[in-house]
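Let's take a walk through this structure together, moving from single residues out to the whole chain. Keep the sequence and the 3D view open side by side as you read.

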Amino acid sequence: MPRALLLENIDPVAVDLLSAAGYEVETVRGALDPADLSAALDGVDVLGIRSKTQVDADVLARHPGLGAIGAFCIGTNQIDLTAAAAAGVAVFNAPYSNTRSVVELAIAEIISLARRLIDRDRALHAGTWDKSASGSHEIRGRTLGIIGYGNIGSQLSVLAEALGMRVVYYDLEDKLALGNAERCNSLDELLERAETVTLHVDGRGGNAGMFGAEQFAKMRPRSLFLNLSRGFVVDHEALRDNILSGHIAGAAVDVFPEEPREQGDEFVSALRGLPNVILTPHVGGSTQEAQYDIGRFVAGKLADYTRTGTTTLSVNLPAVALHGSSADRFGLLHHNIPGVLARVDALVGDHGLNVDGQVLGTRGQIGYVVTDVNAVLPAELLAALRELPETVRLTTFR
Ligand code: NAD
């Protein structure tokens, strides 16, 4: 029975799905340091981790039997993806599982800022009854400007419109406008039109400091600002100045250039203590629902890979999915050099089998071909495929 090891308190749905896919599943609550991880990986076929466990080239080299890694989170920086690809280890993550959670937090914050809920709440907790409509607004009919119209930005667009907001967006790419949203041709155009500006750009290097004093100055007076994307994209000193001057009427920030490493560590920020500013400790995507969906999504990808060889949405291998069924199937991860496919097909033919279906994909140094054949794969053919000098890993299915 193949074995799966799941670390870091992954949602139990992953255990159910991998067990149903034929794995004997072992779970460990916490992360493992490199030495303990290496010991724990003996005889393990599939590893599941979250963000704390580091999987480096050394661990991969020591465990050639490891075939796939599930990163049950969004980021994959904790895994040496290049070394994993070179070793023929497929890596999957969950890029969309917490999208809805981030969007719901953004909606909650837009309403909270427009109604100055934080200030009202603080005053009442301090014993001051301050019942007033001053500075409180409905969001209906207001214009929301979304910068970065990807998974999160575009879903926020749909929900904001459902609440009666007008939506304008700006993206570097030509993204399909959902509902009645309108595309802006430039960031400046968006800043001119929007009353609430929300950042949902990705973490590419070029976005460092993309929103600072110049951009805040171009925002409409008394508008609202949100950042739930990456901390380093916003100049927090400039945001502080604009809140204190009153040019920006309120802000919600979930991500910071430097975030405390450990639970309970002191949080240091220029934004602490400002009026109508909501600060949250990078919890945009942190909900029970998102955790469940991450477990379901990543375990599903691992199970598909094990059953059919499908690598769709793998973060380090070519995306290959061969549909249909046949007498037998194999997947060959190989060095991406000319002539491999011809050699594979010649070997299949030499052993008297016919190719029923075949899909090839390449990504950088690695190629992946999944092949359906019309008869059960003979051991001699499998041995010959394994012995090809270009072979990185051979897997059979069924
Ligand atoms: P995505 O890749 O689907 O979308 C990002 C979009 O931003 C893309 O359409 C891209 O073209 C656009 N973009 C990049 N740079 C831009 C720029 N300078 N100007 C305009 N558009 C630009 O990503 P996503 O899944 O929607 O995530 C968005 C952000 O949210 C990411 O930075 C991600 O790390 C972050 N995130 C935060 C949390 C949280 O807990 N707060 C949770 C999940 C994701």
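Apart from its neighbours within four places in sequence, Val344 touches Phe330, Leu332, Gln358, Leu385 and Leu388. Bear in mind as you look at these contacts that the model is predicted. To find Val344 in your view, go to helix H12, which covers residues 340-350. Is Val344 buried or exposed? Its relative accessibility is 0%, so Val344 counts as buried.

You will find Thr99 in helix H5, which runs over residues 99-114. With four places on either side in sequence left out, the contacts of Thr99 are Asn151, Ile152 and Gln155. Thr99 counts as buried because its relative accessibility is 6%, and the cut-off for that class is under 20%.

Strand E7, residues 166-170, is where Val167 sits. Which residues does Val167 contact, once its neighbours within four places in sequence are left aside? The list is Leu144, Ile146, Ser157, Ala160, Glu161, Asn180, Ala181 and Glu182. At a relative accessibility of 3%, Val167 is therefore classed as buried. Another pair to display is Val167 with Pro257, which are 90 residues apart in sequence, with 28 Å between their C-alpha atoms.

Ser223 belongs to strand E10, made up of residues 223-227. A polar atom of the Ser223 side chain lies 2.6 Å from the backbone oxygen of Arg220. Beyond the neighbours within four places in sequence, Ser223 is also in contact with Glu195, His247, Ile248, Ala249 and Gly250. The relative accessible area of Ser223 is 1%, so this residue is buried.

Most residues other than glycine have a negative phi. Glu8, however, has a positive phi, near 65 degrees. Glu8 counts as buried because its relative accessibility is 8%. His282 is another non-glycine residue with a positive phi, here near 50 degrees. The loop that holds His282 lies between strand E12 (277-279) and helix H11 (288-308).

Next, bring the ligand into view. There are 27 residues around the ligand, and those that come nearest are Asp171, Lys175, Val201, Asn207 and Asp254. Some of these can be followed down to individual atoms. Lys175 places a polar side-chain atom 2.8 Å from an oxygen atom of the ligand. In Val201 the backbone takes part instead, with an N or O atom 2.7 Å from an oxygen atom of the ligand. For Asn207, an N or O atom of the side chain is 2.8 Å from a nitrogen atom of the ligand. How much of the ligand does the protein cover? On its own the ligand has 870 Å² of accessible area, and the protein covers 87% of that.

Finally, step back to see the protein chain as a whole. Its secondary structure consists of 13 helices and 16 strands. The C-alpha trace spans about 85 × 45 × 30 Å along its principal axes. The protein chain has 398 residues, of which 47% count as buried. Among contacts in the protein chain with a separation of 6 or more, 63% are between residues 24 or more positions apart.

How many positive and negative charges does the protein chain carry? There are 34 positive and 49 negative charges, and their mean positions are 7 Å apart.

Terms used. Residues are numbered from 1 along each chain as its sequence is written. This is a predicted model: local features need pLDDT of at least 70, side-chain atom pairs count only at pLDDT 80 or more; totals for chains, interfaces and linings use all residues. Side-chain values use heavy atoms; hydrogens and water are left out. Helices (H or I, at least four residues) and strands (E, at least two) are DSSP runs, numbered from the N terminus. Buried means under 20% relative accessible area, exposed over 50%, partly exposed in between (1.4 Å probe, protein chains only). Contact means heavy atoms within 4.5 Å. Lys and Arg count as positive and Asp and Glu as negative; His and the chain ends are not counted. The place of a charge is taken as NZ of Lys, CZ of Arg, CG of Asp or CD of Glu. A residue is near a molecule or strand if one of its heavy atoms lies within 4 Å of it. A polar contact is a pair of N or O atoms within 3.5 Å; within protein, one must be able to donate a hydrogen and the other to accept it, and residues adjacent in sequence count only if both atoms are side-chain atoms. Accessible areas come from the Shrake-Rupley method with a 1.4 Å probe; for residues, only the protein chains shown count as cover.
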